[in-house]
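Here are two exercises to work through with the model open in your viewer. Try each one before you read its solution.

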Amino acid sequence: MPRARRQYWLMKSEPSVFGIDDLRKKKTAHWDGVRNYMARNYMMQMKRGDRVFFYHSSEEPVGIAGTAVVAREAYPDHTSWDRKSKYFDRRSTRERPLWFMVDVSFESKFDDVVPLEALRRQRALKKMITLRQGNRLSVTPVTEAEWKAILAMAKR
DNA sequence: GCCAACGTTGGC
DNA sequence: GCCAACGTTGGC
């Protein structure tokens, strides 16, 4: 079956917890701890080979730090049934998992983080989901046009 | 550290 | 099924 058209995404993480440098070191990592239904549903749409912007939240400089590639499509997030994990959720079981994660592989780190404020100034990104007021979703789709516009802003 | 904006929970 | 209260996210 022919591959669906490539999709693009943005995933947020606090760099002090897990940042682009951590991903570069590990090469591939599972993206655990997503506990929001909309974000989960987006992850479940991800296909191997989809491209991902790695966004650093909460700490300066806030913005897009690099890119990653989806390496493994959605599978159960085991932290949801680990009682010791802060992501434990007793509604999720091995038989009926509630939460899912994907694996992503490091692709690139930008020379400088493309800052949020620069993203906001870009006309081409006016409609970008993650820039909408009050948006807190940690996983959002990105259009091809947005993907290209941001890559053009990044020094690599 | 503050707080606006949001998603979720739970009482009714 | 409504909606107030609560907890969390994340920019500042």
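This is a predicted model: local features need pLDDT of at least 70, side-chain atom pairs count only at pLDDT 80 or more; totals for chains, interfaces and linings use all residues.

**Exercise 1: the DNA side**

By class, which residues make up the surface near DNA strand B?

Solution. Start with the classes: there are 1 nonpolar, 3 polar and 2 charged residues. Here Ala, Val, Leu, Ile, Met, Phe, Trp, Tyr, Cys and Pro count as nonpolar, Asp, Glu, Lys and Arg as charged, and the others, Gly among them, as polar. Then look at the DNA: of its atoms within 4 Å of the protein, 74% belong to sugar or phosphate, and the rest to bases. Finally, zoom in on two atom pairs.

Residues are numbered from 1 along each chain as its sequence is written, chains are lettered from A and ligands numbered from 1 in written order, and side-chain values use heavy atoms, without hydrogens and water.

**Exercise 2: the sheet**

What is the strand order of the open sheet?

Solution. Read across its 6 strands: 2-5-4-3-1-6, with mixed pairing (strands are DSSP E runs of at least two residues, numbered from the N terminus; a pair needs at least two bridges). At the edges are strand 2 (28-30) and strand 6 (139-142), each pairing on one side only. Last, check one pair: strand 2 and strand 5 (residues 100-115) run antiparallel over 3 bridges, and histidine 30 has aspartate 103 as its bridge partner in strand 5.

Methods. A residue is near a molecule or strand if one of its heavy atoms lies within 4 Å of it. Helices (H or I, at least four residues) and strands (E, at least two) are DSSP runs, numbered from the N terminus.
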